[in-house]
Amino acid sequence: MAASKTQRPVLRIIGRSELVTQPTRDRTAADLGFPIHFELIDSIDGLARVVTRPDTFDVYHQWHTVDLIWTARCIQPIDIARLDHGQEILAAARGRTGPSRIIDTVFNKLFVQPDGRLGPLPSQRLSMLPLLHGVDSFGYLPGLRDLVGDEPESWGWLLDPRLQGRVAMISDPVLGMIEAALSVEATRGRAFSSIGNLTLEEVDEVADILLHKKRIGHFKGMWSSFEDSARLAQRGALIQSIFSPGIARLRSLGQEVIVGTPAEGSRGWHADLCISSEATGEVLEMAYAYLNWWQNGWAGASAARQGYYATFPARVRQHLLPGEWEYWYEGQPAPQALADPYGQQNIPAGHRREGGSHAERMSGARVWNTFMDEHTHIVHRWREFLAA
Amino acid sequence: MPLLPSRGSPTNPYRTFGRKGWVGLQKAYFDIVQEWVKDSIAEGLLPEGTRLTVAAVADRLDLSRSPVKRGLELLTNAGHLTRDERTGYIVGNGTKAAPHAANLFTLPLPDLAPATGALARTGWERLMDEVAEATAACIPFGIYTISESGIGAHFGVSRTVTREVLSRLHERGAIGKDRASHWIAGPLSARMLDEEHALRRLLEPAALAAAAPIIQDELPAMQARLAAARPNCPPEDIDIIEADLHDTCTSFQPNRRLAAVLMHLRSGRRVNRLFAAHVVQHDESALLTEHRLVLDHLALGNGEGAAAAMRHHLDADHARTRERLKVLSVFEDPVVAPYLTRVG
């Protein structure tokens, strides 16, 4: 009887596989000392459950869904006073200095406003704890240059007829549609009114082009996790939209791969922590402990080794070697060989990160991951594309 | 993964729409006949000995004779009526009272049916309302095909009736056909919400201003309902409050064509209703405040003020509805009418 009374609850966390990597999961469990259950979901398929069943999770690693899950009230406001470094967030939001200048979008939906909606005006209640951000583009193998010569890197390559059969794309409709729209802009020489919020006609235009390209065998494949994308490169995809953990994986496997810095700009993203609206009592304490653990810098340092930036990098730096900081954040040549989050060396000495420093790379963010207004239509046309 | 219905939500949300009292199609005509006769007997409107003929009842209820005959037969079997070979049916079980005739047109029609004969509508019209509501309630989630045979099986109607209904909905623009000539509906796009909002913004404040002088008697009851409502009250309470403002208030203005147009501008309300049915926690405090503002202006007899407050409410509600549509768009497998199949 006593045993059942003292049994501790389990903290249930939902996240993507590349956000909560095995080393991070192991370290969290060791540091926090209470039972944690991680559920890894790499697609948007689990979102309906997050929205309708907040009783089935305690912490959610959100990724371009914060306005949606806030609308559904499946997350609760985070009390700044309960965060170890809450004042730092307030200061950054007020000043918009340092990295907060180049990731404005993180702060635009961060604070609960007096009317209960989300906005940029600083308050004591947060929709999420900002953690990580970055820019994504495409990665390509050196062999691509044999086909396109030395022309500048462009999203247009994803639809380039010279690369027929050698292109792979992400299967997620939210991100895939943004990347496809960037490609269509580059190849068709036209500009969409708002690339992060396409109209019905613009979605149709992009989808029609993708369908045609798929039917004539333009695509090598589609991927939904970074492991899949690394496999596609090994199987002959010369170019693909790719996440930085996919790049890290390929390099760890000894595959030389180049990260594109396209003239048209990159796709920005941020990933953050949210607490379920149903978390209370001891579980809520554990949730805050998990949030504070992420603020201590260790996890941000691990994430940096696969190319992610921390929204508050000062404590992350303490967990990085000076050479790691110089390479990942400052864009300087690696002074020695550097390791990935799993401890395997994958960056050779002298290698320089494509796109430059943190500030330089983030300033290339042309569009941020987002659920567009016509999301239902996008999903419909995207399914048609996947099924073609 | 099937959508897990949230606690306390209806498992079948599409059924919460379009119930027009007993006229709904889940009830067969012969049931309508039975209920009407039983209710009239219970209320003393059809005393023992009253003679009922199939023709007279069919005439009063504007139904064809066969369902009336079946309804009266069932009432006879249940002991409410006595079959009289010569004259038809007599109220009472083997009654000794002297049979007498009654003018059935002096009897009220059943609940909610307007005095001018809602029952005069033909079978496909009633079916159309039901199918229109069911499709309108599914399209915020995505694209659906509509099965002709499924409708036939669900409602027990012929292929001819089903086709008539779907053709009319097609003409109205509510459904379409895909390249393979299957009936399809949806998705409800953000643009459609924008367009509807633009129309409502033009029409509803004007309708309200026109109604303001003649609505005073209704206001105290509406204000009382509003005052009693809590921000997290059940969706059914919000339905009533929304109907008070957007249906009842505007129905007092005299322009019937305007009223008919407004009746078809309800996608936004459907989205809000589906959202409330599926999402665990909702907070309608903003809506309640906005409604209060409109009713307060009306109570002061200030039509222009009410119109301005209505515009504010419509704008704010539109912003909420757009956000909610996005939430609905991530649902994988919502419960919809059995003759609808999701394709996108």
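This is a predicted model: local features need pLDDT of at least 70, side-chain atom pairs count only at pLDDT 80 or more; totals for chains, interfaces and linings use all residues.
Of the 344 residues in chain B, 36% are buried. Among the contacts in chain B with a separation of 6 or more, 77% are between residues 24 or more positions apart.

**The sheet of four strands**

- In chain B, four strands make up an open sheet whose order is β5-β6-β4-β7, and the pairing in this sheet is antiparallel.
- The edges of this sheet are formed by β5 (176-177) and β7 (340-342) of chain B, each of which pairs on one side only.
- Strand β4 of chain B, covering residues 144-146, pairs with strand β6 of chain B, covering residues 183-185, through three bridges in the antiparallel sense.
- Within that pairing, B:Y144 has B:A185 of β6(B) as its bridge partner.

- Four bridges link strand β2 (residues 81-84) of chain B to strand β3 (residues 88-91) of chain B in the antiparallel sense, and B:L81 stands opposite B:V91 in β3(B).

**The packing of α7(B) against α13(B)**

- Two packed helices are described by the angle between their axes and by the distance between those axes.
- For α7(B) and α13(B), the packing angle is about 165° and the axes are 9 Å apart.
- Since angles over 145 degrees count as roughly antiparallel, α7(B) and α13(B) are therefore roughly antiparallel to each other.
- The crossing of α7(B) and α13(B) is right-handed.
- On the side of α7(B), the residues making this contact include B:A190, B:L193, B:H197, B:R200, B:R201 and B:E204, while those from α13(B) include B:G303, B:E304, B:M310, B:R311, B:L314 and B:H318.
- Sorted by class, the contact of α7(B) with α13(B) comprises eleven nonpolar, four polar and six charged residues.

**The contact between chain B and chain A**

- The contact draws on 26 residues from chain B and 27 residues from chain A.
- On the side of chain B that touches chain A, the elements giving two or more residues are α7 (190-211) and α13 (303-328) of chain B.
- The element that gives the most to that side of chain B is α13(B), with five residues.
- By class, the residues on the side of chain B that touches chain A divide into eleven nonpolar, eight polar and seven charged.
- The helices α7 and α13 of chain B, which give residues to the side touching chain A, are thus also the two that pack at an angle of about 165°, a roughly antiparallel arrangement.

Terms used: Residues are numbered from 1 along each chain as its sequence is written. Chains are lettered from A and ligands numbered from 1 in the order in which they are written. Two strands pair if DSSP finds at least two bridges between them. A residue is buried if 20 or more other C-beta atoms lie within 10 Å of its own, exposed if 12 or fewer, and partly exposed in between; C-beta atoms are placed from the backbone. Two residues are in contact if their C-beta atoms, placed from the backbone, lie within 7 Å. Ala, Val, Leu, Ile, Met, Phe, Trp, Tyr, Cys and Pro count as nonpolar, Asp, Glu, Lys and Arg as charged, and the others, Gly among them, as polar. Axes are lines fitted to C-alpha atoms, for helices over the stretch in contact, and angles run from 0 to 180 degrees between N-to-C directions. Angles under 35 degrees count as roughly parallel, over 145 as roughly antiparallel, 65 to 115 as roughly perpendicular and the rest as oblique. A crossing is left-handed if the near helix is turned anticlockwise from the far one by less than a right angle, and right-handed if clockwise.
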